[in-house]
Amino acid sequence: MYTTTVRTEFVAQHYLTVPNPGPEGDPHSHHYRVELCFRGPELNEFDYIVDIDNADAALSSLADQYRDTMLNDLPEFEGYNPSVERFARVIFERVTERVTDETVTELSVTIWEDEEAAASYNAAV
């Protein structure tokens, strides 16, 4: 299995909407680090699993979209707790709309909200 990884960082805000969220229920910022791992068993005619420039451009565009925003205010989080797990799923869905290389069979999105805590969403594409 081949893997190509791109990553970026940005700051965004959120607050948790679960019962008894403690201090996480107040608006606060995270310095998010987002990593995309594209996987597939075969390479394309150029010996790539994914065009890394396209993958990086998609991730940069998403980072620009979320940078300095309140995640709770965005339509993709309406009705959801904007946890780092949910955020990983949202990024997965946005990336698979933009990066459509046929050699990519799986995508893993990992988001760190600080140096110790991360969540991932992995699925076939």
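Reader: At what angle do the axes of helix α1 and helix α2 cross?
Author: Happy to start there, with the reminder that this is a predicted model. Helix α1 covers residues 52–66 and helix α2 residues 84–98. Their axes come within 10 Å, and the crossing angle is roughly 135°.

Reader: Which term describes how α1 lies relative to α2?
Author: An angle counts as roughly antiparallel only when it is over 145 degrees, and as roughly perpendicular from 65 to 115. The axes here cross at roughly 135°. That makes α1, relative to α2, oblique.

Reader: Nice. Is the crossing left-handed or right-handed, and how many nonpolar residues does the contact of α1 with α2 have?
Author: α1 passes α2 in a right-handed crossing. On the α1 side the contact is made by Ala 58, Ser 61, Leu 62, Gln 65 and Tyr 66, and α2 brings Phe 87, Val 90, Ile 91, Arg 94, Val 95 and Arg 98. By class, 2 residues are polar, 2 are charged, and the nonpolar ones number 7.

Reader: Which strands stand at the edges of the sheet?
Author: The sheet is open, with 4 antiparallel strands in the order β1-β2-β3-β4. An edge strand here has a single partner, so one of its sides is left without a neighbour in the sheet. The strands at the edges are β1 (2–14) and β4 (118–124).

Reader: And which residue of β2 stands opposite Val 6?
Author: β1 pairs with strand β2 (residues 28–40) in the antiparallel sense, over 13 bridges. Opposite Val 6, the residue in β2 is Leu 36.

Reader: Finally, which strands does α1 touch as it packs on the sheet?
Author: The direction of α1 makes about 10° with that of β1. The strands touched by α1 are β1 and β2.

Conventions. Residues numbered from 1 in each chain as written. Predicted model: local features only at pLDDT ≥ 70, side-chain atom pairs only at ≥ 80, totals over all residues. Heavy atoms only, no water. Axes fitted to C-alpha atoms, helices over the stretch in contact; angles between N-to-C directions. Helix = DSSP H or I, 4+ residues; strand = E, 2+ residues; numbered from the N terminus. Parallel < 35°, antiparallel > 145°, perpendicular 65-115°, else oblique. Left-handed = near helix turned anticlockwise from the far one by under 90°. Contact = heavy atoms within 4.5 Å. Nonpolar A, V, L, I, M, F, W, Y, C, P; charged D, E, K, R; others polar. Pairing = 2+ DSSP bridges.
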